[in-house]
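Subject: A structure for you to look at

Hello,

Here is the structure I promised to hand over. Have a look at it first, and then read on for what turned up in it.

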Amino acid sequence: MLASWMGNPMHTLVLDPGFLPIKVISWRRALCLSFLDKVEVIASYEREVRTVSASYPTPSVVRLLHAARPGPQVVRFSRKNVYLRDNHRCQYCGVQYSDHELTLDHVVPRVDGGKTTWTNVVTACAACNRRKGGRTPEQAGLPLRTRPARPKWTPLTLAQRLPIHDVPEAWRAWLGAA
């Protein structure tokens with residue numbers, strides 16, 4: 001959920017009534033909440049949403065007008081989120097790579113019953129992934145640098161893990177990434 005917005009100004013940062021970041025939602029949901037007077041639009045993207053009779057700015061940052069009971073912050077499993085968790089480093093050789101140079105590797109291979117979960121998938125460069133093949137890291141002689149685990153990010157801590165150009169401009173003041 002959190003990293004899926006990167007490079008795509010189609011998501012909205014939600015602040016609590018005290019202006020602290022609490023989550024990321026779609027701009028459509030933010031616009032609906034605005035129409036229902038549940039949020040105040042703090043900042044908008046340059047892009048407008050047009051209807052037959054009106055045009056509305058696309059919200060980039062909104063603030064809840066009333067306190068809401070916070071739900072659990074669960075980071076969804078995705079390729080991008082695994083890259084962020086592993087800091088774009090191959091978990092076998094330790095070298096940092098760009099997104100297009102990385103692959104995902106199952107620690108316990110799928111042929112041996114390994115599942116695609118936070119605790120069984122790591123980032124790997126193509127060379128290490130080929131070298132490991134369908135074996136466990138121990139069998140291949142490639143020890144893991146860190147043990148894979150589910151991350152515990154929030155919008156506030158996610159900004160600290162991202163390059164500044166990946167954080168939408170309107171969010172930077174609220175996330176401390178300015």
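The protein has six helices and six strands. Please keep in mind that this is a predicted model. Going along the sequence, the elements come in the order β-β-α-β-β-α-β-β-α-α-α-α. The protein has 178 residues, and 43% of them count as buried. Among the contacts with a separation of 6 or more, 57% are between residues 24 or more positions apart. The exposed surface comes to about 10200 Å², with 54% of it supplied by carbon and sulfur atoms.

Taking the pairs in turn:

- S1 (residues 11–15) and S2 (residues 21–26) run antiparallel and are joined by five bridges. In this pair, Leu-15 stands opposite Pro-21.
- S1 also pairs with S4 (residues 55–64), here in the parallel sense and over three bridges. Val-14 has Val-62 of S4 opposite it.
- S3 and S4 run antiparallel, with eight bridges between them. Glu-40 faces Arg-63 of S4 as its opposite residue, and a hairpin of four residues connects the two strands.

The hairpin formed by S1 and S2 has five residues between the strands. Phe-19 lies in this loop, and its phi is near 70°, a positive value in a residue that is not glycine. Phe-19 is partly exposed, because its relative accessible area is 35%.

The other is Asp-37, in the loop between helix H1 (27–35) and S3. Asp-37 is not a glycine either, yet has a positive phi of about 55°. With a relative accessible area of 58%, Asp-37 counts as exposed.

**A closer look at Leu-15**

Setting aside neighbours within four places in sequence, Leu-15 is in contact with Leu-20, Pro-21, Ile-22, Val-61, Val-62, Arg-63, Leu-64 and Trp-174. Leu-65 is 50 residues away from Leu-15 in sequence, while their C-alpha atoms are 9.4 Å apart in space.

**The nonpolar cores**

Which residues make up the largest nonpolar core? There are 10 of them: Cys-90, Tyr-92, Val-107, Val-122, Ala-124, Cys-125, Cys-128, Ala-140, Leu-142 and Leu-144. Strand S6 (residues 121–125) gives the most to this core, contributing three residues. Leu-144 is one of the core residues; beyond its neighbours within four places in sequence, Leu-144 is in contact with Gln-91, Tyr-92, Val-107, Val-122 and Pro-137. Another core lies apart from this one and has nine residues, including Leu-13, Val-24, Val-167 and Trp-171.

**The cysteines**

How many disulfides does a search of the whole structure find? The count is zero. Cys-93 is in no disulfide, and the nearest cysteine sulfur, belonging to Cys-90, is 3.6 Å away. The relative accessibility of Cys-93 is 27%, so Cys-93 counts as partly exposed. Cys-125 is in no disulfide either; the nearest cysteine sulfur is that of Cys-128, at 3.5 Å. Cys-125 is buried, because its relative accessible area is 4%. The cut-off for a disulfide is two cysteine sulfur atoms within 2.5 Å.

Happy browsing, and best wishes

Note on methods
Residues are numbered from 1 along each chain as its sequence is written. This is a predicted model: local features need pLDDT of at least 70, side-chain atom pairs count only at pLDDT 80 or more; totals for chains, interfaces and linings use all residues. Side-chain values use heavy atoms; hydrogens and water are left out. Two strands pair if DSSP finds at least two bridges between them. Buried means under 20% relative accessible area, exposed over 50%, partly exposed in between (1.4 Å probe, protein chains only). A nonpolar core is a set of buried Ala, Val, Leu, Ile, Met, Phe, Trp, Tyr and Cys residues joined through side-chain atoms within 4.5 Å. Contact means heavy atoms within 4.5 Å. Accessible areas come from the Shrake-Rupley method with a 1.4 Å probe; for residues, only the protein chains shown count as cover.
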